[in-house]
Amino acid sequence: MDDHNIAIVGLGRIGTAFLREILAAKDGYCLKLVCVVEKQETEGKQLAREKGIRIATLDELIELNVGVDVIFDLTGNAAFGEELRARLTNMKNDYTNVAPLNITRLIWALISDEYLPAVHGTRYQAIADTLLEQARAGIIK
């Protein structure tokens with residue numbers, strides 16, 4: 001089976017968790033992380049740097065053209081996702097897909113036993129996610 005070249009855009013709380021799971025995924029998932037995109041200095045960006053993963057700009061990602069099969073947009077910004085799709089279209093790239101959230105959750109479910117917190121979550125969702133993580137870790141009951 002061929003590898004699927006993927007990129008992750010957005011390495012905040014959710015993107016960093018997703019990156020960790022991709023890095024920990026067992027052989028056989030056929031996922032090859034080509035690059036990540038993150039403007040800010042985040043824990044996820046530092047992790048990518050430590051693991052030798054290419055940190056690209058959005059322009060560099062777009063220039064990879066069909067070198068990326070799937071882009072996981074974990075920025076939590078719906079307008080950004082639309083801009084990303086538009087830029088791919090402007091490059092006549094109808095091959096690369098920006099994964100919808102339900103596909104991102106499916107990939108997560110296949111490679112992880114953990115819970116993926118809400119990407120577009122509110123403050124209340126973040127609190128609920130934290131409590132769920134603590135309960136699973138046995139910190140609270």
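## A predicted chain with a parallel sheet

Leu-106 is found in helix 5 (residues 101-111). Helices here are DSSP runs of H or I with at least four residues, strands are runs of E with at least two, and both are numbered from the N terminus.

This is a predicted model, in which local features need pLDDT of at least 70 and side-chain atom pairs count only at pLDDT 80 or more, while totals for chains, interfaces and linings use all residues. Residues are numbered from 1 along each chain as its sequence is written, and side-chain values use heavy atoms, with hydrogens and water left out.

The pLDDT is the predictor's confidence in each residue, from 0 to 100. Its average over the chain is 86, and 83% of the residues score at least 70. Confidence is highest in strand 3 (residues 55-56), at a mean of 98, and lowest in helix 6 (residues 123-136), at 65.

The chain has six helices and five strands. Along the sequence they follow the pattern β-α-β-α-β-α-β-α-β-α-α.

The five strands form an open sheet with parallel pairing, in the order 3-2-1-4-5. Strand 3 and strand 5 (97-98) are at the edges with a single partner strand each, so one side of each has no neighbour in the sheet. Two strands count as paired if DSSP finds at least two bridges between them. Strands of a sheet pair through backbone hydrogen bonds, either parallel or antiparallel.

| Strands | Bridges | Direction |
|---|---|---|
| Strand 1 (residues 4-9) and strand 4 (residues 70-73) | four bridges | parallel |
| Strand 1 and strand 2 (residues 31-37) | six bridges | parallel |
| Strand 2 and strand 3 | two bridges | parallel |

Ile-6 stands opposite Val-70 in strand 4, and His-4 stands opposite Leu-31 in strand 2. Val-36 has Ile-55 in strand 3 as its bridge partner.

Strand 2, helix 2 (residues 43-50) and strand 3 make a right-handed β-α-β unit. Right-handed means that, with the strands pointing away from the viewer, the path from the first strand over the helix to the second runs clockwise.

Of the 141 residues of the chain, 38% count as buried. Buried means under 20% relative accessible area, exposed over 50%, and partly exposed in between (1.4 Å probe, protein chains only). Leu-106 counts as partly exposed because its relative accessibility is 45%.
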